[in-house]
Amino acid sequence: ITICILGNFIVNYKRIKSSKLALMNQEFIHRLSEIVEENLTNENFGPEDLAAKMRMSHSGLHRKLKELSNQTISQFIREERLKKAKDLLLNDEITVSEIAYKVGFGSPTYFNKCFHDYFGAAPGEFKKLELEKEQETEIEISIPKKKIHKVFLFVVAPVLILASVFLFLNEKYSFLKKKTP
């Protein structure tokens, strides 16, 4: 019994330690993302700057980031820029060139290349595809509403009408009333 209790304790301890470590790693990545976003418009913000803001050496940050996300610091910064660019592209009415500069790319051409490599489509094409997906989703959502209307029209409404007629006739002609002698 003692061995089982000790074994369970060790397993639970490892789970707790593992979940704390996972939480710390998520917080670390979140902090990196915040720093990149704070410096998004600075096209010169790079790995050395991110390491300095994290109060880590370049090699230490590289090792930690590679371990957690299998990315280099430059890849991480670029992907954060591209994710923000995607949000701007889908939510703001500004040109692709303006978005490129807004997220820290010095060249719209290089931005288009990176965007295509990461998302699989050029920014303009990506926006068009996303808008089409949204429209398809809206159509899919509206279809069940039509079915609900048909169910109401052909099932619920006739039942309500029959119930009303029955109650009216019952009151008028006393079908269900007990006859008192």
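This is a predicted model: local features need pLDDT of at least 70, side-chain atom pairs count only at pLDDT 80 or more; totals for chains, interfaces and linings use all residues.

Burial first. With that cut-off, 23% of the chain's 181 residues count as buried.

Next I looked up the surface. The chain exposes about 13600 Å², and 60% of that comes from carbon and sulfur atoms.

Then the secondary structure. How many helices and strands does the chain have? I got 7 helices and 0 strands. Reading along the sequence, I wrote the pattern down as α-α-α-α-α-α-α.

Contacts came after that. I took those with a separation of 6 or more, and 50% of them are between residues 24 or more positions apart.

I found N91 in helix α4, which covers residues 73-91. Is N91 buried or exposed? N91 is exposed, because its relative accessible area is 59% and the cut-off for exposed is over 50%. I also checked N91 against K127: the two are 36 residues apart along the chain, and their C-alpha atoms are separated by 9.8 Å.

Which residues make it? I listed V155, V156, V159 and L160, with a patch area of about 330 Å². I looked up where L160 sits, and it belongs to helix α7, residues 123-173.

Methods
Residues are numbered from 1 along each chain as its sequence is written. Side-chain values use heavy atoms; hydrogens and water are left out. Helices (H or I, at least four residues) and strands (E, at least two) are DSSP runs, numbered from the N terminus. Buried means under 20% relative accessible area, exposed over 50%, partly exposed in between (1.4 Å probe, protein chains only). Contact means heavy atoms within 4.5 Å. Accessible areas come from the Shrake-Rupley method with a 1.4 Å probe; for residues, only the protein chains shown count as cover. Patches are made of residues with over 30% relative accessible area and no salt bridge: like charges are joined within 9 Å, nonpolar side chains (Val, Leu, Ile, Met, Phe, Trp, Tyr) within 5 Å. A salt bridge is a side-chain nitrogen of Lys or Arg within 4 Å of a carboxyl oxygen of Asp or Glu.
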